[in-house]
Amino acid sequence: MNLHFIGNIALNISLFFYLTHYLPQLYRNATEGKMKGLSLGFHHLLLASYLFDLIYGFGMKMPWQYKMVTLIGLACMLIQHWQLMRVYS
């Protein structure tokens, strides 16, 4: 077993965790609607981080798992941004 194979296994395991880690927060936001305590500044910082990470991932031709994590994370942030706009408007 070589290190490349072990690295691919670790990458796929982390892909699963990254793809699911934000779902409980989105569910809580949708069902309870208690989002007044969330920091809008921090939310915008995370959104910018995902955007820059997306540019890096495609620019450096990173593996598809890396790009998928960024795209799903960005999608989750955009969903939460939409949820925040509904609460604050």
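Predicted model: local features only at pLDDT ≥ 70, side-chain atom pairs only at ≥ 80, totals over all residues.
Contact here means heavy atoms within 4.5 Å.

Apart from residues up to four places away in sequence, Thr70 touches Tyr50, Asp53 and Leu54. Two of these names, Tyr50 and Leu54, return in the list of the largest nonpolar core.

That core has 8 residues: Tyr22, Leu26, Leu47, Tyr50, Leu54, Leu74, Cys76 and Met77. At least two of its residues come from helix H3, which spans 40–59, and at least two come from H4. In soluble globular proteins, nonpolar side chains tend to be buried together.

With neighbours within four places in sequence left aside, the contacts of Met77 are Tyr22, His43, Leu46, Leu47 and Tyr50. His43 is 34 residues from Met77 along the chain, yet their C-alpha atoms are separated by 7.8 Å. Leu47 can be read from its own side as well: under the corresponding exclusion, Leu47 is in contact with Leu74, Met77 and Leu78.

The axes of H3 and H4 come within 9 Å and cross at roughly 155°. An angle over 145 degrees counts as roughly antiparallel, so H3 is roughly antiparallel to H4. The H3 and H4 crossing is left-handed. By class, the residues of this contact divide into 16 nonpolar, 7 polar and 2 charged.

Helix H2, residues 23–32, also packs on H4, at an angle of about 15° and with the axes 10 Å apart. Angles under 35 degrees count as roughly parallel, and H2 is therefore roughly parallel to H4. H2 passes H4 in a left-handed crossing. On the H2 side the residues are Gln25, Leu26, Asn29 and Ala30, which meet Cys76, Ile79, Gln80 and Gln83 in H4. This contact divides into 4 nonpolar, 4 polar and no charged residues. Leu26 and Cys76, named in this contact, are also members of the largest nonpolar core.

Helix H1, residues 3–20, packs against H4 at an angle of about 5°, with their axes 10 Å apart. That angle makes H1 roughly parallel to H4. From H1, Leu11, Asn12, Leu15, Tyr18 and Leu19 meet Trp64, Gln65, Met68, Val69 and Ile72 in H4. The residues in this contact of H1 with H4 comprise 8 nonpolar, 2 polar and no charged.

One further residue gives a reference point away from these contacts in the description. Glu32 is found in H2, and at 44% relative accessibility Glu32 counts as partly exposed. Between Glu32 and Leu11, 21 residues apart along the chain, the C-alpha separation is 33 Å. Leu11 is one of the H1 residues that meet H4.

Terms used: Residues numbered from 1 in each chain as written. Heavy atoms only, no water. Core = buried A, V, L, I, M, F, W, Y, C linked by side-chain atoms within 4.5 Å. Buried < 20%, exposed > 50% of the residue type's maximum accessible area, 1.4 Å probe, protein only. Helix = DSSP H or I, 4+ residues; strand = E, 2+ residues; numbered from the N terminus. Axes fitted to C-alpha atoms, helices over the stretch in contact; angles between N-to-C directions. Parallel < 35°, antiparallel > 145°, perpendicular 65-115°, else oblique. Left-handed = near helix turned anticlockwise from the far one by under 90°. Nonpolar A, V, L, I, M, F, W, Y, C, P; charged D, E, K, R; others polar.
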